[in-house]
Amino acid sequence: MLKLGVIGTSWITAQFITAAHRTGMYRLTAVYSRHAETAQHFIAESAPAQAYTDMEAFLGSDIDVVYVASPNSLHAAQTIAALSAGKHVIVEKPMVTHPSQLAKLEEALAAHPDLMVFEAARHIYDPNFHAVTDYIAHHPVTGATLAYMKYSSKYDDYLAGKQPNIFTTKTAGGALMDLGVYLVYAAVGWFGVPTTATYQPHMLASGVDGDGVMRFDYPDFGVTLVTGKTTNHFAPSEIYFGRTTLQTDTPGELNYLKLISAGQRTDITAAQHDNPMVSEARFFAEAITKNDRAAFDRQWALAKQVHTLMGQMRAATPIHFDSDPD
């Protein structure tokens with residue numbers, strides 16, 4: 001059983017711990033927070049563990065794998081620190097906020113070839129994601145329109161003049177980093193790397209994007225990706241196969257799959273867990289415990305494609321983070 005340490009005490013950390021425990025392959029042993037009271041409260045609400053407010057002491061404990069769910073701007077540095085301490089890492093998306101961080105992560109992995117880093121892009125492990133992948137493998141795609149837009153619980157604070165992490169350049173916030181990355185993962189995972197990719201953001205006064213539209217061009221079709229943190233989107237996402245359309249709510253959720261052709265609707269939704277992080281937690285644990293380097297290599301290659309593309313798109317926009325290299 002893997003001894004799990006977590007960085008961050010938000011709802012997503014609690015959800016991952018619940019999912020990890022359901023697999024029967026992890027046991028929470030350490031929680032890091034800058035504030036002891038926060039860590040202790042989180043432990044009381046989740047599972048028994050040791051609380052840490054010192055990162056060096058946390059990484060020096062006997063944990064096997066670290067789950068990183070801190071603000072975006074800290075992900076890469078904390079992942080590298082965990083690798084340097086001899087720990088496997090599961091890091092929430094986005095794994096990096098600038099392509100230069102990919103090179104540093106690769107250097108850290110090369111120095112510790114027995115370790116693995118996985119980005120917790122949970123939707124790509126969902127049974128419905130694989131169902132879409134299987135359908136695409138046997139049917140030529142003619143286009144797609146994918147959307148992931150949610151009114152952020154922190155947007156009202158932003159409008160009130162506060163600076164929540166998700167809406168500031170200090171922590172590499174914004175729609176592309178928070179929700180757009182789900183769409184990029186879906187497009188690259190399903191269709192491959194596009195020949196061209198652009199992003200048109202709607203900028204907020206804080207310097208991050210509140211929403212925006214990506215366009216991916218492939219040799220035989222195009223894909224439109226719509227993301228946002230300032231509105232709710234309820235229209236379906238669609239993948240086109242000539243006269244047939246595959247419809248879902250959003251690649252970030254994948255609650256249902258329907259094939260629509262000649263007026264007929266066929267439900268092809270796969271069975272799902274009530275906790276959407278169980279599939280990814282199991283995948284990570286199996287890869288680590290079995291030392292499945294092939295599984296790691298596949299996921300690492302996909303992550304590099306996604307974040308190289310993210311960096312290229314952002315470089316052509318006014319979005320600049322405080323953590324960007326000079």
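Contact means heavy atoms within 4.5 Å. The model is predicted: local features need pLDDT of at least 70, side-chain atom pairs count only at pLDDT 80 or more, and totals for chains, interfaces and linings use all residues. Residues are numbered from 1 along each chain as its sequence is written, and side-chain values use heavy atoms, with hydrogens and water left out.

**Exercise 1. Helix α5**

Task: find which residues of α5 are buried, and what they pack against.

Solution. 
- Helices are DSSP runs of H or I with at least four residues, strands are runs of E with at least two, and both are numbered from the N terminus.
- Check the length of α5 (residues 99-111). Its 13 residues should span 18 Å at 1.5 Å a residue, and the end C-alpha atoms lie 19 Å apart, which agrees. The expected span is 1.5 Å times one less than the number of residues.
- Buried means under 20% relative accessible area, exposed over 50%, partly exposed in between (1.4 Å probe, protein chains only).
- Gln101, Leu102, Leu105, Ala108 and Leu109 are the buried residues of α5. They cover an arc of only 125° around the axis, so they sit on the same side of α5. The arc is that of the directions from the helix axis to the C-beta atoms.
- The face turned away from the buried side carries exposed Lys104, Glu107, Ala110 and Ala111.
- The buried residues pack against α4 (75-84), β6 (117-120) and α10.

**Exercise 2. Strand β2**

Task: state how β2 pairs with β1 and with β3.

Solution. 
- Two strands pair if DSSP finds at least two bridges between them.
- β1 (residues 2-7) runs parallel to β2, joined by six bridges. Lys3 has Arg27 in β2 as its bridge partner.
- β2 and β3 (residues 50-52) are also parallel, over three bridges. Ala30 is bridged to Gln50 in β3.
- β1, α1 (residues 11-23) and β2 form a right-handed β-α-β unit. So do β2, α2 (residues 36-45) and β3. Right-handed means that, with the strands pointing away from the viewer, the path from the first strand over the helix to the second runs clockwise.
- Six of the seven residues of β2 (residues 26-32) are buried, so the strand is largely enclosed by the rest of the structure.

**Exercise 3. Strand β7**

Solution. 
- Ala147 stands opposite Val226 in β10.
- Ala144 has Ile239 as its bridge partner in β11.
- Six of the seven residues of β7 (residues 143-149) are buried, so β7 is largely enclosed by the rest of the structure.
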